[in-house]
Amino acid sequence: MEIPSKYNALSVEKKWYDYWMEHNYFHSVPDEREPYTIVIPPPNVTGILHMGHMLNNTIQDVLIRRARLLGKNACWVPGTDHASIATEAKVVAKLKHQGIDKNDLTRDEFLKHAWDWTEEYGGVILEQLKKLGCSCDWDRTKFTMDDDMSEAVIDVFINLYNKGLIYRGFRMVNWDPEAKTTLSDEEVEYVEKQGSLYYLQYKVEGSSETLTIATTRPETIFGDTAICINPNDERFTHLKGKKAIVPICNRVIPIIEDEYVDIEFGTGCLKVTPAHDENDKVLGDKHNLEVVDIFNVDASLNSYGLHYEGQDRFVVRKAIAKELKDSGQLVKTENYINKVGTSERTKAVIEPKLSDQWFLKMTDLAKPAIDAVLKTGDVKLFPKKFENTYRHWMENIRDWNISRQLYWGQQIPAYYYGDGKNDFVVAKNLDDAYSQISEKGIFIKKEDIRQDNDALDTWFSSWLWPMSVFDGIRNPDNEEIKYYYPTNDLVTGPDILFFWVARMIVAGYEFKGERPFENVYLTGLVRDKQRRKMSKSLGNSPDALKLIEQYGADGVRVGLLLSSAAGNDLLFDEELCDQGKKFANKIWNAFRLIKGWEVDKTISQPNSSKIALDWFESKFQKTIIEIEDHFSKYRLSDALMATYKLIWDDFCGWTLEMIKPAYKQPIDVATLEKVISIFEDLLKVLHPFMPFLTEEIWQYIDKRLPEQALIISKWPMKTTVNEGLINEFDFASEVISGIRNIRKQKNIAFKETIDCLLINNENNNSTFDEVIIKLGNLSSFKLVTDAVEGALTFRVKSNEYFIPMAGSIDVEAEVKKLTEELNYTEGFLKSVQKKLSNERFVNNAPEQVVASERKKEADAKAKIETIKASLANLSV
């Protein structure tokens with residue numbers, strides 16, 4: 001086959017992905033091999049590929065492809081999450097654009113629109129992942145709203161309810177007025193915002209006295225049901241037992257006492273609004289205060305807001321401040337910075353709201369999950385630093401608000417038969433509910449039974465993901481759950497360490513009695529070069545598919561991983577994708593070079609080639625050990641960099657140079673066969689990172705049957721490492737570099753041979769002498785006992801090398817140049833020694849900084865010695 005002169009990533013990627021799919025290499029079924037399982041963090045069904053997905057899924061694909069090469073039965077389960085809040089918001093917006101109000105639709109009518117939306121847009125991201133090269137078992141694709149997945153969620157709800165762990169309670173919850181649903185505490189972000197502190201005057205009933213109260217939310221005065229003072233505050237002793245009048249609405253409210261009030265903050269008086277502040281609700285319960293809810297579900301004011309009814313809370317805030325100012329009841333306003341609860345999904349400001357909701361008791365459930373990470377190490381977090389975050393969340397865990405006021409999601413399986421607080425049963429379906437109600441001796445028509453209108457929190461389905469994708473909830477003893485569970489590695493972002501990871505661990509121990517996965521690799525967030533989080537609003541997030549089109553999937557994968565140290569935020573730079581593309585071209589050109597050599601079966605293998613290949617074999621084996629160590633610690637960026645250097649520097653930069661035949665000369669068979677064998681091993685190690693390029697070259701090297709494809713080949717075997725040979729080459733490479741530097745400085749063409757003589761003070765072996773002669777194009781390479789006159793010299797450790805220059809250079813000009821270099825280097829040495837003679841610097845600077853300065857000193861001294869030797873030789 002003729003090898004194209006350039007690597008065409010786009011045509012190659014489609015060809016091999018189709019080939020892999022055609023031959024079903026991604027599909028896994030239980031067999032006698034060791035399983036290796038990853039479940040994908042399911043992206044939102046309506047999502048599209050962004051940089052975070054690119055990083056996360058590249059890492060997963062690297063791990064799964066390597067597992068295949070290691071001979072494991074690799075299974076990567078893909079799927080999507082129904083993302084109740086985000087998806088419902090998109091459907092509502094679409095309906096609104098069509099002139100349809102969600103409130104005018106029945107649940108079934110709305111769900112038909114939601115399913116239509118899902119079928120149209122859902123799964124787009126999974127198709128995009130294929131362009132990245134993701135080798136998921138697409139036959140196993142799951143969706144959290146699939147019938148079997150939903151059935152598992154309902155089974156779990158019923159199980160936990162019957163254990164007394166799920167309950168219905170009237171609590172203060174986080175209300176998202178845009179999505180019109182509750183949120184769990186973990187779905188609320190606290191964002192620092194500039195606001196105002198308003199000082200309002202309340203009249204004391206029956207007197208001309210007033211109280212000044214500071215608040216950031218003047219619109220909530222319509223919900224005030226008390227003023228609270230600290231009983232130890234002498235300023236307000238005379239107000240005990242009195243009442244105050246709320247401005248505008250003129251409601252008379254009691255003045256109560258509680259040590260909760262901070263005497264030092266604000267004015268020392270606190271307005272109590274039990275319906276709209278969690279701490280106020282605690283005070284209200286303690287003092288039996290009335291609860292007045294002033295907001296509609298969209299955070300506009302209801303009838304308690306009087307003439308502000310129907311207006312948005314932020315509009316009212318400005319208007320009420322003006323009204324109070326005009327009436328003389330706004331004393332002053334100050335700038336005030338505070339942290340405002342914001343919906344993680346819609347970015348709307350959260351309203352605390354009292355509401356009947358469903359909760360899951362978490363304290364006891366969390367204990368095995370805490371032990372698994374922090375005591376037994378059954379589940380390991382990488383990097384380990386995230387254990388502290390995990391500890392903080394899990395040891396301060398609160399009951400989980402699992403109900404959402406949405407249609408899109410699994411409907412809560414509670415069925416009501418009366419108006420009483422406890423007039424309900426929890427059942428799998430209406431028929432089961434009817435049976436339970438009948439058993440209670442209650443006779444009601446089936447059509448009069450009402451199912452709870454709320455849906456379950458999305459996370460309540462995804463916390464079962466590692467089990468439910470293998471049908472482990474409904475059929476806990478099936479063959480697949482027993483084979484694939486627990487899974488091996490989970491790759492996700494630290495931002496959902498509690499939302500998802502911790503809850504999956506909780507569910508794993510509760511429903512399977514064991515961990516759901518062994519290792520959790522927490523990637524960093526993708527940021528731009530200015531350390532800003534990538535987002536559409538900032539316009540700093542590149543189009544993922546355009547990057548693939550421009551640099552090739554392999555180039556983008558390399559670019560992402562080169563900029564991603566384990567657990568640290570990734571400072572994405574498009575230039576790294578270009579570096580990945582250039583790396584692909586480098587490998588392609590190396591392959592074309594090898595395949596372009598003419599073979600002569602009659603010639604024997606040069607010793608220089610044999611030595612070179614022996615050295616690379618040891619270097620390869622040493623690097624494999626390093627790469628495997630990086631993989632074991634989830635340092636994928638380091639594993640890639642070790643592979644990159646092995647190929648770019650050791651293979652392309654040195655090995656091919658050492659073995660390539662002279663211009664227009666043939667190569668021997670032994671050398672060619674060995675270098676191709678080495679190249680195949682390199683392709684295996686590189687394949688997880690650059691699957692398309694490596695498969696393309698692999699298939700060009702030889703005609704392969706489907707069962708010989710690179711994707712299912714075997715990871716290179718480990719053999720012994722000859723450290724002595726590696727060390728000898730390191731020394732020889734410095735000698736070669738020294739010779740090349742002199743050639744470059746003196747403009748001596750490589751085709752011209754030169755002599756090199758050495759004083760072997762190191763007593764090093766002559767193993768690589770033939771390599772040095774070849775790569776230096778030396779006419780002779782001899783040992784001498786004394787310095788050579790009229791020669792330029794360089795040192796490698798204590799060895800001295802001399803290249804005679806008689807008649808080939810302008811001695812006067814060379815002396816002048818070397819003298820200038822000597823003066824500069826001596827000046828540099830003095831500056832370094834001055835720094836090292838400063839005790840404060842040596843004692844206080846970091847150890848590595850001092851070590852770096854000492855190395856500079858040693859290097860400068862060696863250079864000065866070499867320059868002086870060259871000057872001495874030239875002056876003879």
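**A loop, a sheet and a helix pair**

Let's begin at isoleucine 248, which sits in the loop between strand S10 (243–245) and strand S11 (252–257). Quick word on the labels: helices (H or I, at least four residues) and strands (E, at least two) are DSSP runs, numbered from the N terminus.

Before I go on, what you see is a predicted model, where local features need pLDDT of at least 70 and side-chain atom pairs count only at pLDDT 80 or more, while totals for chains, interfaces and linings use all residues. Residues are numbered from 1 along each chain as its sequence is written, and side-chain values use heavy atoms, with hydrogens and water left out.

Okay, back to isoleucine 248. Its phi is near 70°, a positive value in a residue other than glycine. Most residues other than glycine have a negative phi. Is isoleucine 248 buried or exposed? Buried, because its relative accessibility is 17%; the cut-offs are under 20% relative accessible area for buried, over 50% for exposed, and partly exposed in between, with a 1.4 Å probe and protein chains only.

Alanine 299 also has a phi near 70°, again a positive value in a residue other than glycine. You'll find alanine 299 in the loop between helix H7 (278–286) and helix H8 (313–326). With a relative accessible area of 2%, alanine 299 is buried.

Pairing here takes at least two bridges found by DSSP between two strands.

How many bridges join S15 and S23? S15 and strand S23 (residues 517–522) pair over 3 bridges, in the parallel sense. On to S22 and S23, which pair in the parallel sense over 5 bridges. There, aspartate 489 stands opposite asparagine 519 in S23. S23 is mostly covered, with 5 of its 6 residues buried.

The peptide bond from phenylalanine 382 to proline 383 is cis, with omega near -5°. Proline 383 is in the loop between S15 and helix H10 (386–395). There's a cis peptide bond between tyrosine 485 and proline 486 too, with omega about 0°. Proline 486 lies in the loop between helix H14 (479–484) and S22. As background, most peptide bonds are trans.

Next, asparagine 73. Asparagine 73 is in strand S2 (residues 73–77), and at 2% relative accessibility it counts as buried. What does asparagine 73 touch, leaving aside neighbours within four places in sequence? Its contacts include Ser28, Asp31, Arg33, Tyr483 and Tyr484, where contact means heavy atoms within 4.5 Å.

Time for the helices. Helix H17 (residues 574–595) and helix H21 (residues 691–701) pack at an angle of about 5°, with their axes 11 Å apart. The axes are lines fitted to C-alpha atoms, for helices over the stretch in contact, and angles run from 0 to 180 degrees between N-to-C directions. So H17 and H21 are roughly parallel to each other; that label goes to angles under 35 degrees, with over 145 roughly antiparallel, 65 to 115 roughly perpendicular and the rest oblique.

Which residues make the contact? On H17 they're Ala584, Ile587, Trp588, Phe591 and Lys595, and on H21 they're Leu693, Glu696, Ile697, Tyr700 and Ile701. That splits into 8 nonpolar, no polar and 2 charged. For that count, Ala, Val, Leu, Ile, Met, Phe, Trp, Tyr, Cys and Pro are nonpolar, Asp, Glu, Lys and Arg are charged, and the others, Gly among them, are polar.

Also in H17 is phenylalanine 583, buried at 0% relative accessibility. Not counting residues up to four places away in sequence, phenylalanine 583 touches Tyr644, Ile647, Trp648, Leu686 and Met690.

Last stop, the cysteines. The structure holds 0 disulfides, a disulfide being a pair of cysteine sulfur atoms within 2.5 Å.
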